[in-house]
Structure formats: C-alpha cells, structure tokens
Amino acid sequence: NLVLFVAWFVCSSFAFIAYSILMHGSCGQTLGKQIFGVIVLDVSEQPLKMNQALLRDSVPLTLPAVGVLIEIGYLLSLGSVASAWEEQSEAATDALGLIQLVWFVAELATMLASAKRRALHDVIADSVVVRTRLMDASPAPSTPNAA
C-alpha cells in the first residue's frame, strides 16, 4: 500500500534527527554523548533549551525534509510524467548531496577554527559541548616488582 510506504518512509527519514533534537533539548545529551561523558550546553553553560536543540539540528532537519518531498513527489507521479519527474528528482538529489557536502566542510572548518572546537551548528544555536567528567590522564599505577 502506497500510503503505508510513504508514512514509513517519512517516519524513518526523520527518526534519527527527531531523536537528536529531543535528547539534546530534554537532557543535553544523546546516548553516545552520555557514554563518552560530554554534554551540550548553552554558551553560558546553562542547560540547552529545546529551541536551541532545534536550531542546532536545523540544517540536518531541512535537508532530509526536501529529500522526502522530492521522493514523495516522484512516488506520486508514477504515470505519464514519471520520466520527466525522475530527471528533476535526480538533479535535485544531486544538488542536495552537494549542499550536504558544503555543510560538512563548513562544519569542519568552523570547528577547526574555533578555540572551543565549536562547529557551525553550535555557533547557530549558541551552544557548546563540554566534558561531564575528566578523562584520566595520569599513568596507571605500577605494580611493585616481586623479586
């Protein structure tokens, strides 16, 4: 059934980004950040607000939304205009891929240029990622030689 497929496609396309926004907005961390001992905070080091979590993931949310609209349009046009839509769909998908590449490079460049290693999404949301626990930098205690 086309309706069920489209519903599944939309849900699966946004599941990860929804998880990221909800976890950052509610507790400042995804499960991975909890495991590695980091948290996302406001630049004033106050808890992140939901609107900041949404801003932080606004580009990763927008790009799949455009992709989903393109794919749904293609699915609904399967008929007399399918070949024309397929060409437009491929061109739009290629453009989205290029935009994602540019976004990745911009994220990397801003992170490398920032003293606090803030990526572009952190600059947009006025957020910063901080450690919740210090990494143990001291050498492991040596065991006495049993001679």
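1. The model is predicted, local features need pLDDT of at least 70, side-chain atom pairs count only at pLDDT 80 or more, and totals for chains, interfaces and linings use all residues. Residues are numbered from 1 along each chain as its sequence is written, and side-chain values use heavy atoms, with hydrogens and water left out.

2. Of the 147 residues in the protein chain, 29% are buried, where buried means under 20% relative accessible area, exposed over 50% and partly exposed in between (1.4 Å probe, protein chains only). The accessible surface of the protein chain is about 9,800 Å², and carbon and sulfur atoms account for 69% of that area.

3. The largest nonpolar core consists of five residues, I17, I21, V40, L48 and A53; such a core is a set of buried Ala, Val, Leu, Ile, Met, Phe, Trp, Tyr and Cys residues joined through side-chain atoms within 4.5 Å. Leaving aside residues up to four places away in sequence, A53 touches I21, H24, G25 and L48, a contact being heavy atoms within 4.5 Å.

4. Among contacts in the protein chain between residues at least 6 apart in sequence, 58% link residues at least 24 apart.

5. L112, which belongs to helix α5 (residues 82–113), is exposed, because its relative accessible area is 55%.

How values were computed
Helix = DSSP H or I, 4+ residues; strand = E, 2+ residues; numbered from the N terminus. Areas by Shrake-Rupley, 256 points an atom, 1.4 Å probe, with all protein chains shown as cover.
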